[in-house]
Amino acid sequence: MARLLSGKEVSAKVLERVAEEAKLCIAAGITPTLAVIIVGSCPASRVYVNNKKKACAQVGFRSLEYALEEQTSQAALLDLIRQLNEDGGVHGILCQMPLPRHIDEQAVCRAILPQKDVDAFHPENVGKLMLGEPRFLPCTPAGVMELLAHAGISPEGRHMVIVGRSNIVGKPMAMLALQANATVTICHSKTRDLAQITRQADILVAAVGRANFVTAGMVQEGTAVIDVGINRLESGRLCGDVDFAAVAEKAGWITPVPGGVGPMTIAMLMQNTLAAAK
Ligand code: NAP
């Protein structure tokens, strides 16, 4: 039976550390400040934004929310970002994705000043990560690395198989794992014989966005299984990409959903905001 990798527990420790360091910043006259932009009224985005604001309050940061209407033009959004870029009292800026269809997400990522881009989505920050000199660590992959470190699972020399190649999760996950000396395989929807590849993983990261996608037959005995997926079932219940009950019988370690990678992502965002303020 797999041991549980609890993001709830590990993120609480990260947040404690961030709160301690924030006190020093505040004593020096700088209150770390995160500006959060949300466009439209997607319920999932609202939950994420609220969780980020809650985490800010928990570690003593100031958070500013800019809730814009669904019909907001791209020009108006870029204008707001320009103002926040110029505001010396704002250290981190994030725009909750996804954005309404009429807004070009890449243009928004490019508009945020790289020094305030605490999500690490700006091409300059993506490039710096690729070169092995990251300014900010990408939050979700960094959260995965922190979870592994906490469990004493070193990626060095291990085979990490990542299912998913998005710019937010799969690709930066591969970069961080590579920098930690893992041997990395990235799989996607065109990968042939996926199960044959995932069964070779020492560390398996699922970032697909499909409930119960990773079955017990896709996992070898003892693997550390990291479930990045967040899927809402018709019943309203949240679940990951991994068939938790069956895979837990075989895996060495497993993350739950909720309470796994999700809280780690937010903790890493707080860590980046602190770094930006510093
Ligand atoms: P995404 O952009 O939709 O990417 C999904 C990836 O899965 C794509 O690369 C896709 O391949 C691959 N895929 C789809 N079907 C597949 C199949 N049958 N076999 C193999 N690969 C397949 O999603 P994302 O933004 O990376 O997010 C993935 C999941 O993580 C979602 O559930 C999301 O909500 C969740 N998430 C969680 C957190 C967190 O903090 N826990 C953060 C971000 C995202 P192609 O590229 O070939 O289409």
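Select helix α10, residues 261-277: this helix gives the most to the shell around the ligand, with three residues. Helices here are DSSP runs of H or I with at least four residues, strands are runs of E with at least two, and both are numbered from the N terminus. The model is predicted; local features need pLDDT of at least 70 and side-chain atom pairs pLDDT 80 or more, while totals for chains, interfaces and linings use all residues. Residues are numbered from 1 along each chain as its sequence is written, and side-chain values use heavy atoms, without hydrogens or water.

Next, show the 21 residues around the ligand; Arg165, Ser166, Ser189, Ile230 and Thr265 come nearest (near: a heavy atom within 4 Å).

Zoom in on the polar contacts (pairs of N or O atoms within 3.5 Å). A ligand oxygen is 2.5 Å from a side-chain N or O atom of Ser166, and a ligand oxygen is also 2.5 Å from a side-chain N or O atom of Ser189. At Ile230, a polar backbone atom is 3.0 Å from an oxygen of the ligand.

Move to the open sheet, where three strands run in the order β3-β2-β4 with parallel pairing (strands pair if DSSP finds at least two bridges between them). Its edge strands are β3 (62-68) and β4 (92-95), each pairing on one side only. Select β2, residues 33-39: the parallel pairing of β2 with β4 covers four bridges. Val36 stands opposite Leu94 in β4.

Finish with helix α2, residues 43-59, which lies across β2, β3 and β4 (contact: heavy atoms within 4.5 Å). Helix α2 runs at about 160 degrees to β3, with axes fitted to C-alpha atoms, for helices over the stretch in contact, and angles from 0 to 180 degrees between N-to-C directions.

How values were computed:
Polar contact = N/O pair within 3.5 Å; in protein donor to acceptor, adjacent residues only side chain to side chain.
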